[in-house]
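Here is a friendly briefing to read with the model open beside you. Take the topics in any order you like.

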Protein chains: 2
Amino acid sequence: MAVPIDLDRPPVDRGSGVSLWRQIAERIECEITTGAYPPGSLLPSESELTERFGVNRHTVRRSLAVLAEKGLVRSVKGRGSFVEEAPLPYPIGRRVRFSENVMAAGRAPRGRLLGVATVVDAEPTRRLGLPARTPLLRIEMVSSANGVPLSRSTSWFEAARFAGLEAELQRTGSVSRAFAAHGIADYARLETAISARLADPAEQELLELPTGRVVLVVEALNADADGRPIQVQRTRFAADRVHLVVNS
Amino acid sequence: MAVPIDLDRPPVDRGSGVSLWRQIAERIECEITTGAYPPGSLLPSESELTERFGVNRHTVRRSLAVLAEKGLVRSVKGRGSFVEEAPLPYPIGRRVRFSENVMAAGRAPRGRLLGVATVVDAEPTRRLGLPARTPLLRIEMVSSANGVPLSRSTSWFEAARFAGLEAELQRTGSVSRAFAAHGIADYARLETAISARLADPAEQELLELPTGRVVLVVEALNADADGRPIQVQRTRFAADRVHLVVNS
DNA sequence: CCCGATTTGTACGTATGTATC
DNA sequence: CGATACATACGTACAAATCGG
């Protein structure tokens, strides 16, 4: 039995044995890799894709879910589906400059301050070499490049020494600049430990990651020009948006 | 109504509102953290735990599954359930000595050669700075400490220069010693890139990981004393058994 | 090299308490 | 109140891997 098909635009092949969502996913993946949709760009909306392929929106959504699972696209509620950028090379060396790193890759860095608290916490206090129960400033941030969240970091500073740091941080979104305003022109890493695990729900939310994604955890101890520890920092990078480069 | 209980050994509290598997899991976790079962040791068998807690084997299995999910124990078919060791600090610097690293942590290193092949592969050839289509030796290994698999690595060498390398590798299980036998007394890292992702099924098998676990992927380019690239290596570490330490 | 004992992994089935509609 | 779904707990059997003799 011959099947009459509208040959003008045969976007999907019904009854070919290949499910529609798979055909559509492969088609979009092909268009992404060939450059029709460049990294960082917005895909057509689900309704537009629905119309283009002549299928139900559920089918398009399943295709996009597959691509999101593969890490090729990222769907954001209320905005649309974006093509993921190539992983950003992030140098892990003596120098620590998030903004410089991101700008060097030709992307626009942004730091957003989530919250500040004065806390007493034994672990970071010990690593900073301070007496037990010294009050610390704990700062929570999210950093992004080209609007794509890259990392979620928690930092601890001695509260007495860095009083008011959060104001500068809030204004500039840059740790380097906030340090500069406190008379710290230069600082470097003393220790760095790297591990990895699944992102927890809070990280999924803030980094706009689907469930089951991995974060690279970088625990760093930073010191001023005299080698005195000033910052303990735990950064969680979205592992499929960054790879760490050790420059030895 | 008073419930008569055998007070001689009340290992679990039935009808307390807390499920038996949870009580047992917490009990075993407590005994692990307090040192009753030291890292690397064998837990009592499921039958013994069944008898001790007076429950069905399924219930004990569920408790162990919870602890395995948390990364505290690791069950091996035919052998038993082991208490996981603390993550091994693994230095990522100029020097590359797996055996030294592991021995420095007081554990017994072991390298097992999985396979050797002569291949032509564009990517590693380019990184080694060799002409296109140069034959390469590709070597697959698994390394372990105290019998616990830590990493799975793939290495590429120029086949002409390192002919017969696999024999030495097979005998010693050590890349350093195999290099030494080829007149390379010293070598160091040129580049290192670190990423992370979920372990694929083959890696789960070889690294004895449950599904859903994470591997740290370290891509390294190693060079001889003259700075000439000699080895491209991709190592996948079980992320909950090592953390990488960058010594800058 | 095989054999049997031990141990974990998997698959059935059954019963019961609890929460929800 | 009944119907339904779900988690919990127990029973049994067998498969697969390991280890010692």
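Predicted model: local features only at pLDDT ≥ 70, side-chain atom pairs only at ≥ 80, totals over all residues.

Residues are numbered from 1 along each chain as its sequence is written, chains are lettered from A and ligands numbered from 1 in the order in which they are written, and side-chain values use heavy atoms, with hydrogens and water left out.

**Helix H3 of chain A**

- Helix H3 of chain A covers residues 57-69, 13 residues in all. Helices (H or I, at least four residues) and strands (E, at least two) are DSSP runs, numbered from the N terminus.
- From first C-alpha to last, H3(A) reaches 18 Å, close to the 18 Å expected at 1.5 Å a residue. That expected span is 1.5 Å times one less than the number of residues in the helix.
- Which residues of H3(A) are buried? They are Thr59(A), Val60(A), Ser63(A), Leu64(A), Leu67(A) and Ala68(A). Buried means under 20% relative accessible area, exposed over 50%, and partly exposed in between (1.4 Å probe, protein chains only).
- The buried residues of H3(A) pack against helix H1 (20-33), helix H2 (46-53), strand S1 (73-76) and strand S2 (80-83) of chain A. Contact here means heavy atoms within 4.5 Å.
- At the N-terminal end, Asn56(A) caps H3(A), with a side-chain oxygen 2.8 Å from the backbone nitrogen of His58(A).
- Just after H3(A) comes Gly71(A), which takes a positive phi of about 80°.

**Where chains A and B meet**

- In this interface, 19 residues of chain A are in contact with 20 residues of chain B.
- About 1600 Å² is buried between chain A and chain B, and carbon and sulfur atoms give 62% of that area. Buried area is the accessible area (1.4 Å probe) that two parts lose on being put together, summed over both.
- A salt bridge is a side-chain nitrogen of Lys or Arg within 4 Å of a carboxyl oxygen of Asp or Glu. A polar contact is a pair of N or O atoms within 3.5 Å; within protein, one must be able to donate a hydrogen and the other to accept it, and residues adjacent in sequence count only if both atoms are side-chain atoms.
- On the side of chain A that touches chain B, strand S7 (187-198), strand S8 (214-224) and strand S10 (242-246) of chain A each supply at least two residues. S7(A) gives the most, with eight residues.
- By class, this side of chain A has 11 nonpolar, five polar and three charged residues. Ala, Val, Leu, Ile, Met, Phe, Trp, Tyr, Cys and Pro count as nonpolar, Asp, Glu, Lys and Arg as charged, and the others, Gly among them, as polar.

- Most residues other than glycine have a negative phi.
- Arg133(A) has a positive phi near 70°. Arg133(A) is found in the loop between helix H5 (122-128) and strand S5 (136-145) of chain A, and is exposed at a relative accessible area of 66%.
- Glu208(B) has a positive phi of about 55°. Its place is the loop between helix H8 (201-207) and strand S8 (214-224) of chain B, where Glu208(B) is partly exposed at 31%.

**Salt bridges**

- Over all chains, a search of the whole structure finds 39 salt bridges.
- Glu219(A) pairs with Arg127(A), the closest N and O atoms being 3.8 Å apart. This pair links strand S8 and helix H5 of chain A, 92 residues apart. Glu219(A) is partly exposed at 22%, whereas Arg127(A) counts as buried at 17%.
- Glu31(B) and Arg27(B) form a salt bridge at 3.4 Å, N to O. They are separated by about one helical turn because they lie four residues apart in helix H1 of chain B.
- Arg161(B) forms a salt bridge with Asp224(B), at 3.4 Å between the closest N and O atoms. Arg161(B) lies in the loop between strand S6 (148-158) and helix H6 (165-172) of chain B and Asp224(B) in strand S8, so the pair ties together parts 63 residues apart in sequence.
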